[in-house]
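Colleague: I have a model on my screen and would like to talk it through with you. Could you begin with the overall picture?

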Amino acid sequence: QKVNEMFHLIDSIIHTIRAIKSLSGDGRGDEIVAVELSSALEDALRMLEAKSFKVDARIEIELNENPMVLARRSDVVHILMNLVSNSLDALSGQSGQWIHIQSGWAKESGKPSTRTIEISVTDSGSGISKEIKSQLFTAEISTKEHNEGMGLGLVFCQKLALRNKGTIGRKSQSENTCFYVHLPAAEAELQPDPQLAQRTAS
């Protein structure tokens, strides 16, 4: 168990370093492709296995027809990993909790859009204080204790989303804590997810 936790931690650190390096450059090293969300989410959850084992929370996944988004794959994985990690932190020490990961068409002017995919991560935690809500996407604020995790936070995820022509935010109307990311929907003729193609071939 300890060995598995160590490998997952190292994997997570390497992935984070790559994301930082990619963001600090011009982004050309990471190709924009059609990314299958189920594949990206699988990688994100795999890197969080050691952490999720320590939290009494079931993870529910509801991907609408397994959509594909047009983005840098590593960015999608990192955003999902960070949002789920934040939920795990919020539920730590509590029992019988849940995290719900869902995807579907984003809404524009109250109507479903066929151009943008929404991925949301909702948890049954106690919520976010009013003081923190107004500062969620600033570098000066954190909802974590100093000894919790190594996540780079919502500010970093926001930068990743923006450079993929997406957005990230919190659903204020949700009864529970819910964060979402909007990313462009991929068209069928675009280059497919290389990680998915490699797994299929193997």
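This is a predicted model: local features need pLDDT of at least 70, side-chain atom pairs count only at pLDDT 80 or more; totals for chains, interfaces and linings use all residues.

Colleague: What share of the contacts joins residues at least 24 apart?

Modeller: Of the contacts between residues at least 6 apart in sequence, 75% join residues at least 24 apart.

Colleague: And what does the accessible surface come to?

Modeller: The accessible surface of the protein is about 11,600 Å², and 51% of that belongs to carbon and sulfur atoms.

Colleague: Let us turn to the helices. At what angle do α2 and α4 pack?

Modeller: Helix α2, residues 37-47, packs against helix α4, residues 73-91, at an angle of about 50 degrees, and their axes are 8 Å apart. Because of that angle, α2 is oblique to α4. On the α2 side, the contact is made by Leu37, Ser39, Ala40, Leu41, Asp43, Ala44, Leu45 and Met47. On the α4 side, Arg73, Val76, Val77, Leu80, Met81 and Val84 take part.

Colleague: Is that crossing left-handed or right-handed?

Modeller: The crossing of α2 and α4 is right-handed.

Colleague: How many residues of α2 are buried?

Modeller: Helix α2 is mostly covered, with 8 of its 11 residues buried. The buried residues are Leu37, Ser39, Ala40, Leu41, Asp43, Ala44, Leu45 and Met47.

Colleague: Which residues of α4 meet α6?

Modeller: From α4, the residues are Asp75, His78, Ile79, Asn82, Leu83 and Asn86. Their partners in α6 are Gly153, Leu154, Phe156, Cys157, Leu160, Ala161 and Arg163.

Colleague: How do the axes of α4 and α6 cross?

Modeller: The axes of α4 and helix α6, residues 153-163, come within 10 Å and cross at roughly 150 degrees. Therefore α4 counts as roughly antiparallel to α6, the cut-off for that term being over 145 degrees. The crossing of α4 and α6 is left-handed.

Colleague: Which residues in α6 are buried?

Modeller: In α6, the buried residues are Leu154, Val155, Phe156, Cys157, Leu160 and Ala161.

Colleague: I noticed Cys157 in that list. How many disulfides are there?

Modeller: The count comes to 0 disulfides. Cys157 is buried because its relative accessibility is 0%. Cys178 also counts as buried, at 4% relative accessibility.

Colleague: A change of topic: where does Val35 lie, and is Val35 buried or exposed?

Modeller: Val35 lies in strand β1, residues 32-36. Val35 is buried, with a relative accessible area of 0%. Along the chain, Val35 and Met68 are 33 residues apart, whereas in space they are 5.2 Å apart, C-alpha to C-alpha.

Colleague: I also marked Ala90. Where is Ala90 found?

Modeller: Ala90 is in helix α4. Its relative accessibility is 38%, so Ala90 counts as partly exposed. Ala90 and Ser124 are 34 residues apart in sequence, and their C-alpha atoms are 8.8 Å apart in space.

Colleague: How far is Thr122 from Arg170, C-alpha to C-alpha?

Modeller: The C-alpha atoms of Thr122 and Arg170 are separated by 9.8 Å, while the two residues are 48 residues apart along the chain.

Note on methods: Residues are numbered from 1 along each chain as its sequence is written. Side-chain values use heavy atoms; hydrogens and water are left out. Contact means heavy atoms within 4.5 Å. Accessible areas come from the Shrake-Rupley method with a 1.4 Å probe; for residues, only the protein chains shown count as cover. A disulfide is a pair of cysteine sulfur atoms within 2.5 Å. Buried means under 20% relative accessible area, exposed over 50%, partly exposed in between (1.4 Å probe, protein chains only). Axes are lines fitted to C-alpha atoms, for helices over the stretch in contact, and angles run from 0 to 180 degrees between N-to-C directions. Helices (H or I, at least four residues) and strands (E, at least two) are DSSP runs, numbered from the N terminus. Angles under 35 degrees count as roughly parallel, over 145 as roughly antiparallel, 65 to 115 as roughly perpendicular and the rest as oblique. A crossing is left-handed if the near helix is turned anticlockwise from the far one by less than a right angle, and right-handed if clockwise.
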